[in-house]
Amino acid sequence: MQGEPLSAISVDVEDYFQTESFARDVRRDDWPTFPSRVVDNTRRVLDIFARHEVRGTFFVLGWVAERFPDLVREIRDAGHELGCHSYWHRLIYSLTPEEFEADTRRAKAAIEAAAGTTIACYRAPTFSITKRSMWALDVLARCGFTRDSSIFPIYHDHYGIVGSPVRPYAIECASATLTEFPMSTFRALRYDFPVGGGGYLRMLPLWFNKFGMHKILDSGRPAMVYLHPWEIDPGQPRIRTRLKSRIRHYTNLAGFQRNLEALLRSFRFGTMSDVIATMPPLSRFAPAGTDGLVPAGAGATTLPA
Ligand SMILES: [Zn+2]
């Protein structure tokens, strides 16, 4: 493993009742009535990372940071990078730019107040920066973020920009430039498969995830693995909801930690910023409204395969 290229590992720090799968069944006003498990579960993630001597990027929900500021400090003190996962975990394309900016500023302030440091990295709830919400990139730049990891280059019913770049790239926004670290996909049989995180690491076989990670690294780019603290908590209270959401949230909670630790043993990981620091100069793109991303300025390259 020594000398192998570095990939990023990230944690979206939210509670089990705050996911998009339950958004239609759990009102945000009712969040305080659920027994919270985010502190204990995040501590377990910190223990796992410590055992494997891995540092990652923790995107914290502003709502969680406000209620559990000590947890934010524990993450910081363990040497990890802090980022923002919004305040209310709402789909960005369901918001107006003004609502999104207010949510983002509130979350950033809560996390920074808890941590006592500024943060530079953002992950959208449910990867909801899509062609319907390209304006969000400029809002993030205006709010002081310089790195984002929210765009999934696949088709999915909730997220994704099909055909967007698969390796980290620069996005020239009106007010500043963001570095985008896209979620991981690999190409096989003329399809782009998502790999190495969340439901994909939980529900698809481990060999498939490892195969995809090797394909990504062999093509000379880093992977972005992601997880949620509730994914290593098979004992979490069950929420009554429709079948599709039950499948997405509850499948193989018992096996997730095993799959995660297998990846931690097999690949080298660091924070999102650690990995970006190792990258050669990035291709540059610009948001183009509902057309998505287009090559930007002089020296721009064509959209990568
Ligand atoms: Zn989330």
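Predicted model: local features only at pLDDT ≥ 70, side-chain atom pairs only at ≥ 80, totals over all residues.
Let's start with a pair of helices. Two packed helices are described by the angle between their axes and the distance between the axes. For H4 (residues 97-115) and H5 (residues 135-142), the axes come within 10 Å and cross at roughly 35°, and the crossing is right-handed. On the H4 side, the residues that meet H5 are Pro97, Phe100, Glu101 and Thr104, and their partners in H5 are Trp135, Ala136, Val139 and Leu140.

Next, have a look at helix H9, which covers residues 253-266. Its 14 residues, at 1.5 Å each, should span 20 Å, and the end C-alpha atoms are 21 Å apart, which agrees. Which residues of H9 are buried? They are Phe256, Asn259, Leu260 and Leu263. These four cover an arc of only 100° around the axis, so they sit on the same side of H9. An α-helix has 3.6 residues a turn, so residues three or four places apart point the same way. The buried residues of H9 pack against helices H1 (38-51), H6 (198-203) and H7 (206-218), and against strand S10 (224-227). Turned away from that buried side is a face with the exposed residues Arg258 and Arg265.

Finally, find Arg55 in the loop that runs between H1 and strand S2 (57-60). Arg55 is partly exposed, because 17 other C-beta atoms lie within 10 Å. Beyond its neighbours within four places in sequence, Arg55 is in contact with Gly79, His80, Gly270 and Thr271. Arg246, 191 residues from Arg55 along the chain, has its C-alpha atom 31 Å from that of Arg55.

Key:
Residues numbered from 1 in each chain as written. Axes fitted to C-alpha atoms, helices over the stretch in contact; angles between N-to-C directions. Helix = DSSP H or I, 4+ residues; strand = E, 2+ residues; numbered from the N terminus. Left-handed = near helix turned anticlockwise from the far one by under 90°. Contact = placed C-beta atoms within 7 Å. Expected span 1.5 Å × (residues − 1). Buried ≥ 20, exposed ≤ 12 C-beta atoms within 10 Å, placed from the backbone. Arc of directions from axis to C-beta.
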